[in-house]
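Subject: Structure handover

Hello,

Here is the structure that I am passing on to you. Please open it next to this email, and then read the notes below.

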Amino acid sequence: MNAFQSPETLAHRDNPQPGRKCDSMLFPPQCADSSSAPEPVPTSGISMSTTRPSISDKALKIAADEWTPPPLDLENENPSRIRDFYLGGDRSFAVDRDWCTNATRLVPPLPRVYRDERDFLSRAIRFATQRRGIHRFLVLGAGLPFARPVHDDVLPHPHGRVVYVEPDDYVAAHLKLFAQKLPQIAAVQGDFLEPGTVLFHDSVHALLRTGTPIGLVLTGVLETIADTRDAIAALKCFTERLPPGSVVVVTHATVDGLDTGEAADAALAERRRLLCRTYGRTAHRPPCHLRTAEQLREILAGLRLVQPGITHTSAWHSPRPARGFRPAESLCLAAVAGVRKPRPPRSMSADARVVA
């Protein structure tokens, strides 16, 4: 069950009407009498915001308990192995390399797209560590940890720590092997669209409970979500629980910035769209969805964009733009945004308190 697909059901479960029996999924049997105070759902001691969240801890916990990882698939191309191949790794299968060969014929800048995304991520992490003093990161959509992993940029700091999150069994297994070798790394099998599968994990709780800022990394995640409202709701579940001063690092596939009035750009945009549809048949479920900078800005509403705001990956704080290469040819948007300090609630009542 997805927490964002049935809000009416979740609202009913989270706020049972007076005089009706408590939902057995939320409360123990002794709550059947509506006059009894319901027991809160255990949340592993997570320290949440004092303001009322958009989706309650109870609703997230219900969805997390019912979530099951996607089935293991070793026969079709895998997005993480595709990324590993384009970044120069050696963990791809023949089926992945064949897909990359065909995809590059269709969209020749594609190898550069993946490299630009990873270069941006490295610059964004350096910004967070050097300019914001953030050394602990929650990384969703990191992929396989072999070709230029995030922790290479984080662990040189003595207090550096990275928690990787992946729904895919294959990728999660590799991440867990890395975590066994490096105590500063933890691996969680969870899903961005099911925030409870991430937020209630002990390793994530360890990041949040100190109250010091962390970096939330979302690379190639938002573009897999068809409904923008779902993306907004899921991101808010994370950001409203992040300590003030935290930052969010995002990338998103796009054809924004290409001049569709120019034949070469129009052809590149159409081929990029075709690739997204093809990619979605096997490698991504749901398909890769393209968005404009304004649509990404809508998702990031409520966060404070760091200058230069939403750009293409090759243009964000890039020291040396490549000669003859336009930022729009990166085919990927990038942004870093700060989490605002939450406003104190106007009044505290029983229904506004977080689940302990």
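The crossing of helices H3 and H4 is right-handed (a crossing is left-handed if the near helix is turned anticlockwise from the far one by less than a right angle, and right-handed if clockwise). Helices (H or I, at least four residues) and strands (E, at least two) are DSSP runs, numbered from the N terminus.

This is a predicted model, in which local features need pLDDT of at least 70 and side-chain atom pairs count only at pLDDT 80 or more, while totals for chains, interfaces and linings use all residues. Residues are numbered from 1 along each chain as its sequence is written, and side-chain values use heavy atoms, with hydrogens and water left out.

**The helices around H3**

H3 covers residues 79-86 and H4 covers residues 94-106; they pack at about 65 degrees with their axes 9 Å apart. Axes are lines fitted to C-alpha atoms, for helices over the stretch in contact, and angles run from 0 to 180 degrees between N-to-C directions. H3 is therefore roughly perpendicular to H4 (angles under 35 degrees count as roughly parallel, over 145 as roughly antiparallel, 65 to 115 as roughly perpendicular and the rest as oblique). From H3, Arg-81, Ile-82, Phe-85 and Tyr-86 meet residues of H4 that include Trp-99 and Cys-100; contact means heavy atoms within 4.5 Å. The residues of this contact between H3 and H4 are seven nonpolar, one polar and three charged (Ala, Val, Leu, Ile, Met, Phe, Trp, Tyr, Cys and Pro count as nonpolar, Asp, Glu, Lys and Arg as charged, and the others, Gly among them, as polar).

H3 also packs against H5, at an angle of about 95 degrees and with the axes 9 Å apart. In this contact, Ile-82, Arg-83 and Tyr-86 of H3 meet Leu-110, Pro-111, Tyr-114, Arg-115 and Glu-117 of H5. By class, the contact of H3 with H5 has five nonpolar, no polar and three charged residues.

Arg-118 is in H5 (residues 110-131). Is Arg-118 buried or exposed? Arg-118 is buried, with a relative accessible area of 7%; buried means under 20% relative accessible area, exposed over 50%, partly exposed in between (1.4 Å probe, protein chains only). Among the residues that Arg-118 touches are Arg-148 and Asp-153.

**The cores**

The largest nonpolar core has 41 residues, and Leu-216 and Phe-192 are among those that touch the most other members. A nonpolar core is a set of buried Ala, Val, Leu, Ile, Met, Phe, Trp, Tyr and Cys residues joined through side-chain atoms within 4.5 Å. Helix H10 (residues 228-239) gives the most to this core, with five residues. A second, separate core of 29 residues includes Val-139 and Val-150.

**The loop between E7 and E8**

Trp-316 lies in the loop between strand E7 (311-312) and strand E8 (332-338). Its relative accessibility is 0%, so Trp-316 counts as buried. Its contacts include Phe-120, Pro-308 and Ala-334. A cis peptide bond, with omega about 10 degrees, joins Gln-307 to Pro-308.

His-317 is in the loop between E7 and E8 and has a positive phi of about 50 degrees although it is not a glycine. Leu-331, also placed in the loop between E7 and E8, has a positive phi near 55 degrees. His-317 is partly exposed at 36% relative accessibility, whereas Leu-331 is buried at 0%.

Regards

Definitions and conventions: Lists of a residue's contacts leave out its neighbours within four places in sequence.
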